[in-house]
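Here is a friendly walk through one model, from overall make-up to single residues. Have a look at the structure below, and then read on.

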Amino acid sequence: MSRGRADGGSKKRSATLVLVLVIVCGGLYMYTKRNGSTALEYSTKIRKFGSTYLGGDEEVDETPTKLGEDEDDGVVLKSIPVCDDRHSELIPCLDRNLIYQTRLKLDLSLMEHYERHCPAPEKRFNCLIPPPPGYKIPIKWPKSRDEVWKANIPHTHLAKEKSDQKWMVVKGEKIGFPGGGTHFHYGAGKYIAAMANMLNFPNDIINNGGNLRTFLDVGCGVASFGGYLLSSDVITMSLAPNDVHQNQIQFALERGIPAYLGVLGTKRLPYPSRSFELAHCSRCRIDWLQRDGILLLELDRVLRPGGYFAYSSPEAYAQDEEDLRIWKEMSALVERMCWKIAAKRNQTVIWVKPLTNDCYMSREPRTLPPLCRSDADPDATWDVKMEACITPYTEQIQTSRGSGLAPWPARLTTPPPRLADLHVSTDAFEKDMEVWQQRVDNYWNLLSSKINPDTVRNVMDMKANMGSFAASLKNKPVWVMNVVAEDGPNTLKIIYDRGLIGSIHSWCEAYSTYPRTYDLLHAWTVFSDVEKKGCSAVDLMIEMDRILRPKGFIIVRDKPKVVEYIKKYMKALHWEAVASADADQDEDDAVFIIQKKIWRTSESVRELE
């Protein structure tokens, strides 16, 4: 009897153990189904494009064919994995998880952890970034300046943290932007007008008759300063890191305001010298005195002759001992840099940079900061360390006593003096404008059945050359991020001299922006260029999908073999063809226009109306 009772208990325990194992295994299976493969960590390679969380389990060769490589089997890739929901805001080269997992040794005091650190090619996320739950097509410009869908950026902590400063407010399904900031609680519009009044500009308009066009806002918050400047025909590069105020740049771009993820750390900003007429810092919490003033000298590098630095911070007005000390040391530093106070009122001081080298040449010997070496290139920015030195002006600027740029809007089409640096003639510049105006007109004709006047707002030209694509969009309600390759002619300075904005970048790496931030990408021979560098065209397509909004467009202008290659990935990427056309008679390129579909995962995203 006792043996029988023992056997029965053993059977019950065995049955219970089996049941527990079934539950655990089932739970693990469902977790994997819901959250994706654990292979999506940086420590593991994921190169196979097989089963996905969207359905389907077709498999293909692990190594995609090169552009134009013949394929007799007619394989069309049917699926690409979807990243876990937790990666819906992934920025591959600004990802803290990468820093943790690769144990990078970074100096936090120098903000190195906010600079770009990209995963090795074999450890990239080869998956599609899902939108957050409830994602909606963004509100159209100009309404988007003042409100966005909360579901698209489900982060409301800034509304609570900055409630007294009126950065943003939660209003039901939307997040509103009253236009406030740390030092302009009463609105960016009034603050901007007050700055113009301080500088005695006509009618308190900050563009000063078109002579001020490109601004840099450092530590921009949600970019209300830049958003309100647009009505004055001023375009601002709103700059902030992916720091404790997470998503501030994402909010800016969702609003349709130009913005870029970056930081004043150890490397130069990705902009040429003499790019901006005004730099702005409103309580940006930057230690301008550190490392012999190197960060202030970086602003000096990117400011034009006669450019302004508007600084709103307690040091400009507070009377406590520490603020007075900082103000005294900062005043001494900018005096040695030959800056002068243009205006000072209440909480704001505005310094102005000299027009010529005269002041630099009259300084006492061995005055710090020194002038930069004569052989240093002030326009080299890609992965270039900052230097604590003053960038002197060229002989052309010394002679003309300024940049010699026309006021806006004539600036857009007037050949700038720095064309000579690139050995580009006025005739070639004007021909470039003519060619791109015709191309853009053709693009819009091909897109006519798909777009309304307000469909497109945020545009990226992935290979901008001299910016004529962007210039051809001057009459449309869009702004363009002009991207120039890191290893080609530095035409970005021409783009800035035309009153446009952009950045240096290599398309072998991910761009410094959030997912779903651009409505249209223009890729002129970008795929051919990437192949020449030995980089992956598939990685490029996945990156383009990451930064493109659902229902956004891609215009590919490249070799016919490139177009055929892209077509093999259309279904897997959830892209659809909109139009195609032969290119100009004097070139071999083809034009292929694509639209990104709205797709959903069964667990996290509902179908949009």
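## Ground rules

A residue is called buried when its relative accessible area is under 20%, exposed when over 50%, and partly exposed in between, using a 1.4 Å probe and protein chains only. With that in hand, Met-195 is buried at a relative accessible area of 1%.

This is a predicted model, in which local features need pLDDT of at least 70 and side-chain atom pairs count only at pLDDT 80 or more, while totals for chains, interfaces and linings use all residues. Residues are numbered from 1 along each chain as its sequence is written, and side-chain values use heavy atoms, with hydrogens and water left out.

## Confidence and overall make-up

The predictor's confidence in each residue, pLDDT, runs from 0 to 100. Its mean over the protein chain is 87, and 85% of the residues reach 70 or more. Where pLDDT is low, the predicted coordinates should not be read in detail.

The protein chain holds 17 helices and 17 strands; these are DSSP runs numbered from the N terminus, H or I of at least four residues for helices and E of at least two for strands. Of its 609 residues, 55% are buried. Among contacts with a separation of 6 or more, 70% join residues 24 or more positions apart.

## Nonpolar cores

A nonpolar core is a set of buried Ala, Val, Leu, Ile, Met, Phe, Trp, Tyr and Cys residues joined through side-chain atoms within 4.5 Å. The largest one has 121 residues, and Trp-288 and Phe-309 have the most contacts inside it. Helix α15 (residues 537-547) gives the largest share of this core, seven residues. Apart from it lies another core of 21 residues, including Met-198, Leu-199, Tyr-228 and Ala-310.

Beyond four places in sequence, Phe-309 touches residues including Trp-288, Met-330, Trp-339, Ile-350 and Trp-351. Met-195, in helix α4 (residues 188-198), touches Ile-206, Phe-225, Leu-278, Ala-310 and Ile-350, again leaving out residues up to four places away. Met-195 and Ile-206 are eleven residues apart in sequence and 7.2 Å apart in space, C-alpha to C-alpha.

## Helix α11

Phe-429, Asp-432, Met-433, Trp-436, Arg-439, Val-440, Tyr-443, Trp-444 and Leu-447 are buried in α11. These residues lie on the same side of α11 because they cover an arc of only 140° around the axis, the arc being that of the directions from the helix axis to the C-beta atoms. On the other side, Asp-427, Glu-434, Gln-438 and Asn-445 are exposed. The buried residues pack against α12 (468-471), α13 (492-497), β14 (518-524), β15 (548-558) and β17 (590-596).

## The loop between β13 and β14

Thr-517 sits in the loop between β13 (501-505) and β14 and is buried, with a relative accessible area of 2%. Beyond its neighbours within four places in sequence, Thr-517 is in contact with Leu-253, Asn-458, Ile-547 and Arg-549.

Ser-506 is found in the loop between β13 and β14 and is buried at 6% relative accessible area. Leaving aside neighbours within four places, Ser-506 contacts Trp-382, Glu-486 and Lys-533.

Methods. Contact = heavy atoms within 4.5 Å.
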